[in-house]
Amino acid sequence: MGLWHVFYEDWQMECCGTPFSVGDEVSWPLLLLDADTVLGGGWHDQLTEVAGPVEDVGGVRMVREETGLPVALGADPDAEEDRRPEPGGRTRSAGLLSVERHGARWPEAGGLVRAVQVLTQTWAETAPGSRSYEPVAGERRLRPADRCPKWFGETEAERAGDGRGRRSRESGVVVTLEVPGTDSRLSHAVREARGIPRQGAGPGAETRGIPAADLMALLASLSTPRRRGRSGAAGWPTASGPLARGGPDEGR
């Protein structure tokens, strides 16, 4: 069993998603996004690294992660060229796992919802009085919840010192999904936090014998908004930004 942080964006849920609770079995098509392009960047402890062979599935560029997780590779729509690794090669890529329910279809990842956190993002006007809002990088918070809402709220706009309107919006949820037959850095971090010896501890040991509420609290502590100068609880370096390397001869 591998634990994976997955971002389920508000509009994806409100459009055609089905609300779910902690303890539910779900199945989602997962897309690995460049974290710097999501809500202004500044993600850290929510990042995921996948490694494995690249394949084309019905026109979708995807990776069957080495421990079994099926993940599609997102492309930058503003880039002049497609920088994703070619099918037939291998890649080791880091980014933000997200649920994508629009467009093409590819194999889904099924598993058990172990934790849900509602993400509240700060948004600011692009210019005073513009009424056009953009996410403020790194200004977000997470709060634990038992269930993902269908509809997401926001606060009334307030005028900041620079004259721009600012508001807080619930912009989705961060879910911790436990997927059978996989393993992850997050799983290793949970084992370490629980004091489980590395030798002889296979996937699934990290969630065995721990009450659901205690596991949710532990997972919340390993998925926190980034703070400057702090190493990630799951072992990530302090520098942010996507990592993508590919090539037919690349090893693990």
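I began with Gly153, which is partly exposed at a relative accessible area of 32%, where partly exposed lies between buried (under 20%) and exposed (over 50%), with a 1.4 Å probe and protein chains only. The model is predicted, so I kept in mind that local features need pLDDT of at least 70, that side-chain atom pairs count only at pLDDT 80 or more, and that totals for chains, interfaces and linings use all residues. Residues are numbered from 1 along each chain as its sequence is written, and side-chain values use heavy atoms, without hydrogens and water.

I placed Gly153 in the loop between strand E9 (133-145) and strand E10 (158-159); strands (E, at least two residues) are DSSP runs numbered from the N terminus. Leaving aside neighbours within four places in sequence, I found Gly153 in contact (heavy atoms within 4.5 Å) with Arg169 and Glu170. Its C-alpha atom is separated by 8.7 Å from that of Ser168, 15 residues apart along the chain.

I then looked up strand pairing, which requires that DSSP find at least two bridges between two strands. E3 pairs with E7 in the antiparallel sense over four bridges, and with E6 in parallel through two bridges. Leu31 stands opposite Ser98 in E7 and has Ala72 as its bridge partner in E6.

Last, I turned to the largest nonpolar core, which has 28 residues; such a core is a set of buried Ala, Val, Leu, Ile, Met, Phe, Trp, Tyr and Cys residues joined through side-chain atoms within 4.5 Å. Phe20, Trp28, Leu30, Leu69, Leu97 and Val173 touch the most other members. Strands that each supply at least two residues of this core include E3 (30-33), E6 (70-73) and E7 (90-99).
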